[in-house]
Amino acid sequence: IKNVLTSYAAGERLCGSMRAVARELALDRSVLHRHFPELVRQIARLGQQERLDAAVAREIERRDRILACALRIVQMLLAQDIYPSWRRIESILRDQYQVIITRRDNSLLRRAQIQGGVLPKRTEKAAEARRVMNSSR
């Protein structure tokens with residue numbers, strides 16, 4: 001048992017969780033913790049890190065997928081002479097791609113608009129207002 005726990009603690013085997021290790025050994029977690037507390041803590045830390053790494057990888061994959069889909073949508077809308085507003089992009093992502101956009105994803109939609117060649121409407125109006133202000137001086 002100690003050799004198996006040591007191999008998990010050394011990172012030689014992926015553990016996922018202490019529960020999975022205990023199930024593989026056909027022992028209760030409390031028994032393992034009672035007899036090998038340091039190894040169990042180390043395995044638990046490694047399992048937590050593995051789960052965190054997997055979650056980060058899933059989030060990166062999700063964001064890449066959203067950006068790629070949003071860019072395709074922007075190009076499609078521009079080809080149809082439709083302004084690709086944030087709301088249009090979001091509704092198409094939701095309806096056609098079954099992707100839910102959260103607040104933290106807004107920057108991805110904006111990046112897709114910029115990469116697709118969309119200039120912000122506010123910038124054009126602001127530039128015109130500055131020209132008017134400068135010409136009146």
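Helices here are DSSP runs of H or I with at least four residues, numbered from the N terminus, and strands are runs of E with at least two. The model is a predicted one, so local features need pLDDT of at least 70 and side-chain atom pairs count only at pLDDT 80 or more, while totals for chains, interfaces and linings use all residues. Residues are numbered from 1 along each chain as its sequence is written, and side-chain values use heavy atoms, with hydrogens and water left out.

To start with helix α1 (residues 2–9), A9 sits in it. With a relative accessible area of 7%, A9 is buried (buried means under 20% relative accessible area, exposed over 50% and partly exposed in between, with a 1.4 Å probe and protein chains only). Setting aside neighbours within four places in sequence, A9 touches L39, Q42, I43 and L46, where contact means heavy atoms within 4.5 Å. A9 also pairs up with G47 across 38 residues of chain, with 9.5 Å between the two C-alpha atoms.

Turning to the other end of the numbering, the axes of α5 (residues 86–96) and α6 (residues 106–115) come within 10 Å and cross at roughly 110°. Axes are lines fitted to C-alpha atoms, for helices over the stretch in contact, and angles run from 0 to 180 degrees between N-to-C directions. On the α5 side the contact is made by W86, I89 and L93, and on the α6 side by N106, L109 and Q113. Sorted by type, these residues come out as four nonpolar, two polar and no charged; Ala, Val, Leu, Ile, Met, Phe, Trp, Tyr, Cys and Pro count as nonpolar, Asp, Glu, Lys and Arg as charged, and the others, Gly among them, as polar.

Within α6, the buried residues are L108, L109, A112 and Q113. Viewed down the axis of α6, they fall within an arc of 140°, so they line one face of the helix; the arc is that of the directions from the helix axis to the C-beta atoms. Their cover includes α4 (37–79) and α5. After α6 comes G117, with a positive phi near 100°.

Most residues other than glycine have a negative phi. D81, in the loop between α4 and α5, has a positive phi near 60° without being a glycine, and is exposed at 73% relative accessibility. Q98, in the loop between α5 and α6, is likewise not a glycine and has a positive phi of about 50°; its relative accessible area of 61% makes Q98 exposed.
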